[in-house]
Amino acid sequence: MKARIKSLKRSIKEREQSPFTYEFKDEEVHRCLNCDHEFTGNYCPYCSQSADTKRITWRSVPKGFLELWGFNNARSVPGTLWQLTYRPGYLILDYLRGHRVACYPPIKLLVVVALITGLMHLYVIPENEDNVKIEVEADKIAPGEESPWEQDFADKVDAVDDWCDRNEGWAMLAICSLLILPTWLLYRHSRRIPKHTVPEGFYIQVLMCPLLLIISILSDIDDIFVLLIPIYYYYSYRQLFGYGIWGTFWRLFLCFIIATIGFLLLIAAIYVAYRIYLQFT
Ligand SMILES: [Zn+2]
């Protein structure tokens, strides 16, 4: 029994690390059913029709419907989201190592997912009532209590907040980008992906965003789901960089602290710059 569990665990791990197998059937010659060209390999080099095109059977019908939403291959949007759920770190690793066709293009994916989650926010998920209450109370502060420029600054913050609500995908990417430098600092000596560069770090965050957007939808339903964010980061970084439980944890913890400090410094710098700007105009 123990041995069986062990072998099951091993096969799950292997599937997580490399779910794709390619068969090279170069000796087999196919005749393309579309353009009549004779070729070897999986696809016709002239018209790109698949070599295993067969007569339509009952099995083709459900397959055709699955194609409608792209569920038939791992490179589609749902396929990539599924990969980002069960093997996020390995998928990112694959992508950085050059397995580019193993997933949907990352930036495109972010835009598509942001579009869907944006629509869900508008039509499906009712706004969390607690948040609405807080916003209403915040608006109640009498204008006299704040100096005009403070009011002006608060208005600008509100405008940025509104923009973030309307452009969730880019806003999420902006927040995650705060982690690019700390991740580079703390994880670049990883043996699994040694000396990753800052642009590679950018793509790591781009690929983290789609699932984070989905988590943000869940956290609209219940705040408890916010906890999934650090868990997802931990899970992904462990697969991606290959450090142990503790090694991944303390580095990630430091990453979040550095990113938070960076964010606060950025806000402070903008605030100070705005005050100085006001004094000279
Ligand atoms: Zn052909």
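**A helix pair in context**

Modeller: Confidence comes first. The protein chain averages a pLDDT of 87, and 92% of the residues score at least 70; pLDDT is the predictor's confidence in each residue, from 0 to 100. Mean confidence is lowest in helix α6 (residues 129–139), at 58. It is highest in helix α11 (residues 228–241), at 96. This is a predicted model: local features need pLDDT of at least 70, side-chain atom pairs count only at pLDDT 80 or more, and totals for chains, interfaces and linings use all residues. Residues are numbered from 1 along each chain as its sequence is written.

Next, the overall layout. The protein chain has 12 helices and two strands. Helices (H or I, at least four residues) and strands (E, at least two) are DSSP runs, numbered from the N terminus. The order from the N terminus is α-β-β-α-α-α-α-α-α-α-α-α-α-α. The chain is more spread out than a compact globule, because its radius of gyration is 24 Å, well over the 19 Å that the globule rule gives for 281 residues. That radius is taken over C-alpha atoms, and the rule is 2.2 Å times the number of residues to the power 0.38. Along its principal axes, the C-alpha trace spans about 80 × 45 × 40 Å.

Now the pair. Two packed helices are described by the angle between their axes and the distance between the axes. The axes of helix α3 (residues 77–86) and helix α10 (residues 198–221) come within 10 Å and cross at roughly 95 degrees. Axes are lines fitted to C-alpha atoms, for helices over the stretch in contact, and angles run from 0 to 180 degrees between N-to-C directions. α3 and α10 are therefore roughly perpendicular, a label for angles of 65 to 115 degrees.

From α3, Leu-81, Leu-84 and Thr-85 meet Leu-207, Pro-210 and Leu-211 of α10. Contact here means C-beta atoms, placed from the backbone, within 7 Å. The residues of this contact divide into five nonpolar, one polar and no charged. Ala, Val, Leu, Ile, Met, Phe, Trp, Tyr, Cys and Pro count as nonpolar, Asp, Glu, Lys and Arg as charged, and the others, Gly among them, as polar.

Pro-210 also touches Leu-110. Leu-110 sits in helix α5 (residues 106–124). Its other contacts, not counting residues up to four places away in sequence, include Val-206 and Cys-209. Leu-110 counts as buried because it has 25 C-beta neighbours inside 10 Å; the cut-off is 20 or more.

Notes
Buried ≥ 20, exposed ≤ 12 C-beta atoms within 10 Å, placed from the backbone. Contact = placed C-beta atoms within 7 Å. Parallel < 35°, antiparallel > 145°, perpendicular 65-115°, else oblique.
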